[in-house]
Amino acid sequence: MAASGWVSTSLPYLMPRGAGQGDPWAAEAAALGRRGTQRIVHAGEVPAPADVAALLGVAEDDPVVVRRRLILLDEEPSELTDTYYPAAIAGGTRLAATAKIPGGAVGLLAELGHVGVLVREDVTAGMPDEEERLALRTAPGEPVLRLVRVTLDHEDRPIQADRMVMPALRQRLRYQIRIG
């Protein structure tokens with residue numbers, strides 16, 4: 001198990017929440033007696049990086065909306081997450097602003113008529129760049145996990161792409177798959 005004892009699962013972050021339900025990160029951490037928070041460090045339109053463009057099915061440098069967050073566990077950096085949306089879906093919405101979104105981004109997407117039904121995740125390990133290392137407060141030479149996720153709607157159109165960077169020595173990813 002990871003040094004912090006933290007095991008991360010994806011499912012709570014992929015489904016819309018009902019009215020009055022809090023942030024799934026805060027709820028997950030609280031269930032373990034810990035404090036999960038996040039800081040939105042940037043939100044707005046940016047040119048699509050090549051990898052994000054490929055995930056979202058847009059041309060490189062086309063405008064996309066990004067929400068950049070620093071995820072904290074007990075005030076310690078736990079994850080850097082950049083979530084991208086096609087500008088046609090998110091432009092001019094609360095997704096393009098730094099304020100918290102009541103009901104969360106997935107709930108807002110659902111309100112806008114974009115519901116995810118298929119998620120693809122790829123996980124790799126490697127070394128952080130200097131900016132990531134400083135933000136995550138990792139030791140020199142300490143690796144990170146990179147999780148890239150794309151969410152597709154019922155017509156197989158990409159509605160969201162996430163790039164996450166996590167300290168490898170403080171995380172364990174858990175996937176549970178029901179067969180049949």
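**Exercise 1.** Is Arg39 buried, partly exposed or exposed?

*Solution.* The model is a predicted one. The relative accessibility of Arg39 is 43%. Buried requires a value under 20% and exposed a value over 50%. Arg39 therefore counts as partly exposed.

**Exercise 2.** Identify the salt-bridge partner of Arg39 and locate both residues in the chain.

*Solution.* Step one concerns the contact: the side chain of Arg39 meets that of Glu75 in a salt bridge, with an N to O distance of 3.6 Å. Step two concerns position: Arg39 belongs to strand S2 (residues 36–47), while Glu75 sits in the loop between strand S3 (63–73) and strand S4 (76–86). The two residues are 36 residues apart, and the pair links distant parts of the chain. Step three concerns accessibility: Glu75 has a relative accessible area of 36% and is partly exposed.

**Exercise 3.** Describe the salt bridge between Arg149 and Glu121, including the accessibility of each residue.

*Solution.* The closest N and O atoms of Arg149 and Glu121 are 2.6 Å apart. This pair, too, links distant parts of the chain: Arg149 lies in strand S6 (residues 144–152) and Glu121 in strand S5 (residues 118–126), 28 residues apart. With a relative accessible area of 7%, Arg149 is buried. Glu121, at 21%, counts as partly exposed.

**Exercise 4.** Determine where the salt bridge between Arg133 and Glu130 lies, and which of its residues is buried.

*Solution.* The closest N and O atoms of this pair are 3.0 Å apart. Both residues belong to helix H5 (residues 130–136), where they are three residues apart, about one turn of the helix. Arg133 has 19% relative accessibility; the limit for buried is under 20%, so Arg133 counts as buried. Glu130, with a relative accessible area of 47%, is partly exposed. Elsewhere, salt bridges with shared partners join Glu121, Arg149 and Asp162 into one network. The structure holds 11 salt bridges.

**Exercise 5.** In what order do the strands of the open sheet run, and which strands stand at its edges?

*Solution.* Six strands form the open sheet, in the order S2-S3-S4-S7-S6-S5, with antiparallel pairing. S2 and S5 each have a single partner strand, so one side of each lacks a neighbour in the sheet; these two strands stand at the edges. On average, neighbouring strands of the sheet are turned by 15 degrees against each other, direction ignored. Within the sheet, S3 and S4 pair in the antiparallel sense over 10 bridges. Arg67 stands opposite Thr83 in S4.

Notes. Residues are numbered from 1 along each chain as its sequence is written. This is a predicted model: local features need pLDDT of at least 70, side-chain atom pairs count only at pLDDT 80 or more; totals for chains, interfaces and linings use all residues. Side-chain values use heavy atoms; hydrogens and water are left out. A salt bridge is a side-chain nitrogen of Lys or Arg within 4 Å of a carboxyl oxygen of Asp or Glu. Helices (H or I, at least four residues) and strands (E, at least two) are DSSP runs, numbered from the N terminus. Buried means under 20% relative accessible area, exposed over 50%, partly exposed in between (1.4 Å probe, protein chains only). Two strands pair if DSSP finds at least two bridges between them. Axes are lines fitted to C-alpha atoms, for helices over the stretch in contact, and angles run from 0 to 180 degrees between N-to-C directions.
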